[in-house]
Amino acid sequence: MYINGRPAESAGGGWLPVYDPSTEEIIAEVPDANAVDIDAAVRAARAAFDSGPWPQTTAQERGRLLFRLSEKVRREAAQLAQLEALNCGKPIVEAEFDINDVATCFEYYGGLATKVLGHVNPVPDNALSLSLREPVGVAGQIIPWNYPLLMAAWKLAPAIAAGCTCVLKTAEQTPLTALLMAEWLEELGFPPGVINIVTGFGETAGAPLVAHEGVDKVAFTGSAAVGKIILRTAAESIKRVTMELGGKSPNIFFADADFEAAIDGALFGVFINQGEVCSAGSRILVERPIYSKFVEAMTAKAKTIRLGAPLDRETKMGPLISKEQYERVREYQEIGKAEAKLTAGGGRPKTFSKGYYVEPTIFADVDNRSRIAREEVFGPVAAVIPFDGEAEAIRIANDTPYGLAAAVWSRDIFRALRVVKAVRAGIVWVNHMQPTYVEAPWGGYKQSGFGRELGPWGIEEYLETKQVYINLNEQPIGWY
Ligand code: ADP
Ligand code: MG
């Protein structure tokens with residue numbers, strides 16, 4: 001791990017195995033952090049925030065640190081992408097995109113560091129009222145395994161730009177790229193304790209981080225189930241919390257959509273990154289006139305998706321992250337078979353003797369009330385649901401506890417924009433699904449969470465607002 005500017009092992013002496021999900025073999029062991037380690041990391045972050053060079057660091061200097069980190073990530077991009085693909089099983093080509101986004105994220109917040117502005121408040125009388133923006137303090141950050149280094153960047157970049165210090169816990173499955181990046185922090189000039197990276201399980205390392213009195217703010221991306229636990233714990237010390245949780249996002253296709261683009265968009269929306277995407281378009285709503293043709297075309301194309309080794313450049317879909325996730329997705333494949341009509345996949349691909357591979361799976365004629373349409377699978381399982389007309393599309397789209405994302409496909413701009421306004425979600429794409437840019441806000445409605453990451457919204461979550469009231473009247477108050 002990386003605590004207070006130095007490599008660290010767990011105080012308990014424990015190690016946890018890290019796997020290559022395409023071979024099921026152990027490729028590394030990392031410290032299995034416990035509450036003692038978390039305490040050390042939080043103390044380091046606390047000390048760095050409260051004293052030492054960090055509070056005196058200017059916005060320009062914080063920005064430059066992030067620029068240097070961004071440049072380093074770009075220089076080491078090939079190595080990082082390989083490690084990411086190896087550890088989480090995603091195709092190397094996708095991992096390369098991720099690493100580029102990591103660098104861009106550090107760059108963006110490096111620039112934003114010097115653009116955080118206060119206010120002059122228009123109060124009456126003989127006073128000057130100012131709003132100052134100040135860092136919220138020590139951030140405890142907990143991230144998932146589907147975009148390991150990108151999620152780390154989304155958390156660290158705005159926090160550093162704001163002047164916070166960080167304890168980031170990687171997902172237990174995917175600690176490697178964050179640990180590699182940690183090795184560079186000292187030479188890049190980050191003072192000790194400003195960024196601490198800890199590795200460990202949710203219950204033994206994540207939970208004590210959330211509970212720790214020295215943590216001011218918790219930023220979490222992960223499952224709704226864990227989000228609820230974190231919210232309860234954070235309530236004890238009224239921590240600031242932001243949550244990016246799951247989804248069951250509708251990808252809505254009207255009959256007038258460009259058919260070829262629609263089929264591509266439906267597959268991309270749900271199968272990219274093995275479907276291990278919080279915004280996966282896992283409910284595919286298709287208007288009745290094109291429904292049969294759509295299911296047929298989508299099914300045919302899904303069967304051509306190339307599964308393979310993550311490091312093979314031809315691979316379009318790698319293995320799932322872990323045995324646990326593999327079993328979970330296999331179970332949903334079986335649940336789906338009992339609830340709807342299987343048209344593609346539905347099991348484990350026969351060509352692989354090892355690795356957590358599952359077939360891209362499509363269920364058609366799905367009822368939106370069924371489990372396969374309501375529960376987040378977090379794997380390559382699509383539920384195709386027919387609808388009649390705009391009103392029904394909107395009703396089905398919103399009939400979910402989640403609200404992270406949605407997409408609508410149509411050539412009719414009036415209808416597309418009506419749907420955009422009617423769907424309750426943090427992002428609605430029109431004639432695309434999944435592009436995500438650091439300049440634009442990201443986050444959920446409803447049970448998909450709260451708070452926004454990325455763009456200027458992302459840094460807001462790491463800032464407090466202090467009002468300064470300056471009396472301009474030299475006379476005594478004269479009340480008593
Ligand atoms: P998944 O179901 O895909 O494993 P999780 O929500 O469990 O997703 O994991 C996301 C992150 O939350 C991981 O870093 C994990 O270690 C962490 N986590 C899991 N349980 C807890 C918990 N009780 N407290 C804090 N963090 C947790
Ligand atoms: Mg978990």
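Mentor: Start with burial. Of the 480 residues, 57% count as buried; buried means under 20% relative accessible area, exposed over 50%, and partly exposed in between, with a 1.4 Å probe and protein chains only. This is a predicted model, where local features need pLDDT of at least 70, side-chain atom pairs count only at pLDDT 80 or more, and totals for chains, interfaces and linings use all residues. Residues are numbered from 1 along each chain as written, chains are lettered from A and ligands numbered from 1 in written order, and side-chain values use heavy atoms, without hydrogens or water.

Now the core itself. A nonpolar core is a set of buried Ala, Val, Leu, Ile, Met, Phe, Trp, Tyr and Cys residues joined through side-chain atoms within 4.5 Å. The largest one here has 104 residues. Its members with the most contacts to other members are Val73, Phe106, Tyr109, Ile284, Phe294 and Met298. Helix H5, residues 148-162, gives the most to this core: twelve residues. Helices are DSSP runs of H or I with at least four residues, strands are runs of E with at least two, and both are numbered from the N terminus. The protein has 15 helices and 22 strands.

Zoom in on Tyr109. Set aside its neighbours within four places in sequence. Tyr109 is then in contact (heavy atoms within 4.5 Å) with Leu66, Ala157, Pro158, Ala161, Val438, Leu454, Gly455, Gly458 and Ile459. In soluble globular proteins, nonpolar side chains tend to be buried together.

Step back to the whole chain. Take contacts between residues at least 6 apart in sequence: 73% of them join residues at least 24 apart. The C-alpha trace spans about 80 × 55 × 40 Å along its principal axes.

Finish with one buried residue in a loop. Gln274 lies between helix H9 (259-271) and strand E13 (283-287). Gln274 counts as buried because its relative accessibility is 0%. Its phi is near 60°, a positive value in a residue other than glycine. Most residues other than glycine have a negative phi.
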